[in-house]
Amino acid sequence: LSDKLDKALHVLKGHGSITEVNVAETLKEVRRALLDADVNFKIAKDFTSRVKEKALGQNVLTTLQPGQLMVKIVKDELTQLMGGDAEGLNLSGAPSVILMSGLQGSGKTTFSGKLANYLKTKKSKKPLLVACDVYRPAAIDQLHVVGEQIGVEVFSDRGNSDPVAISQAGVAHAKANGFNVVIIDTAGRLAVDEAMMTEISNIHKAIQPQETLFVVDAMTGQDAVNTAKAFNDILNFDGVVLTKLDGDTRGGAAISIKSVVDKPIKFIGTGEKMEAIDVFYPSRMADRILGMGDVVSLVERAQEQFDEVEARKLQKKIAKNQFGFDDFLKQIQQIKKMGNMKDLMGMIPGAGKMMKDIDIDDDAFKGIEAIIHSMTPKERTNPSIINASRKKRIGNGSGTSVQEVNQLLKQFNQMSKMMKMMQGGGGKKMMQMMKG
Ligand code: GDP
Ligand code: MG
């Protein structure tokens, strides 16, 4: 996913300005990338049309750094799609009861341990783990192993086959023994079935937890969405835990689940160890999905540095009176990339008036470029050698008149004078503008 999106956004970065055509092109790529990451088709389509609306609304088309603005819009929208801000747990109860739900193998038991460890070490809570998976003796053992590992007590009752009764006994045990958080680990089946749904629903009704969390394996793609919907229909759960987000797991499930059930993703699991738990931050996930944490920002920095170097070279040349037509040409090309000339000049304090005197409008660039292209390298670096016969040759070569060549030479002289003048504060600003 990262690769594809990066490519799509990279295309934009290459262009100085964005046209409606390459916005559409880019969004097509973004949509394809989302689909590849198992994001539901309708969600991906809605997403791209919202980004498009925002992009056009914010005038990406005329902005100085459209590529970056576009990246920002895509990222913000993605963040929004995943919930905006990080959402914490509701730990208001005495004790606060947290119920785990989800399919078998999704990572409930592992996450129960991780969460207990997190609440104990990071939030100074005294958690109790309750083993309600009564179908496999190994499941109870597993929770006990986890509990020992993290130093958290585990409540279980091997002689009891009623998970509802065990959960209630667990909560009572917590109350009587000063635990302030109870984490109930439950049994899951390999697929959604009625028996499992009835059972989890009965536990839910009996203990009325402050938090019901739905645990889902991020690697299961579209299936994760269907499962989330089934559990939400029954439990109206409070939050989602996305497990197995380590390695190169696609992050698309985060987007799809949030969109379909409209519940916050609260935690992610990133490994088998007890420490492999993270609070879910939508903006970080957006970074991860976009691969922006590393690739995009690297590209941006590289580009900034390149422009910086160019701008500094130019300033040196101006200072040393070495500013020639080649540099002029480069500047024109930069300016053209940035968009409308008058708007641009309006942004430089004091420069607007000066530029009006010099009278360079957008159409004039064509002729100017042709004239410069007809100059020899020597003439470009040292315009003072351009005498009458040279002017005639240049005019002929560029399809312009000697008069026009004269006019450009005059403009060029004014321009280099002005640039030298603006070397101070204004000049710096101008250089910034020129960087595009
Ligand atoms: P449960 O059936 O829902 O209780 O799932 P388990 O907690 O027993 O986890 C099933 C398997 O997934 C186990 O082998 C876990 O070690 C593994 N697992 C759980 N969470 C993660 C995770 O975040 N990353 C990885 N790589 N493995 C995980
Ligand atoms: Mg389990």
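Reader: What makes a residue of this chain count as buried, and what share is buried?
Author: In this predicted model, buried residues make up 38% of the 436 residues in the chain. A residue is called buried because 20 or more other C-beta atoms lie within 10 Å of its own; with 12 or fewer a residue is exposed, in between partly exposed, and C-beta atoms are placed from the backbone. Residues are numbered from 1 along each chain as its sequence is written, and chains are lettered from A and ligands numbered from 1 in the order in which they are written. As this is a predicted model, local features need pLDDT of at least 70 and side-chain atom pairs count only at pLDDT 80 or more, while totals for chains, interfaces and linings use all residues.

Reader: What makes a residue part of the shell around ligand 1, and how many are there?
Author: The residue's C-beta atom, placed from the backbone, must lie within 6 Å of the ligand. Ligand 1 is surrounded by 17 residues, and the closest are Gly107, Lys108, Thr109, Thr110 and Gly269. Helix 5 (residues 108–122) supplies the largest share of this shell, three residues. Helices here are DSSP runs of H or I with at least four residues, strands are runs of E with at least two, and both are numbered from the N terminus.

Reader: Why are strand 3 and strand 8 said to stand at the edges?
Author: The open sheet has eight strands in the order 3-2-4-1-5-6-7-8, with mixed pairing. Strand 3 (154–155) and strand 8 (277–279) each have a single partner strand, so one side of each is left without a neighbour in the sheet.

Reader: How do you know that strand 2 pairs with strand 4?
Author: Two strands pair if DSSP finds at least two bridges between them. Strand 2 (residues 127–131) and strand 4 (residues 181–185) run parallel and are joined by five bridges, so they pair. In strand 4, Ile183 is the bridge partner of Leu129.

Reader: How confident is the predictor, and where is pLDDT below 50?
Author: pLDDT is the predictor's confidence in each residue, from 0 to 100. The chain averages 78, and 71% of the residues score at least 70. Over residues 13–18 the pLDDT is below 50, and over residues 424–431 it stays under 50. Where pLDDT is low, the predicted coordinates should not be read in detail. For the complex, the predictor gives an ipTM of 0.99 and a pTM of 0.64.

Terms used:
Contact = placed C-beta atoms within 7 Å.
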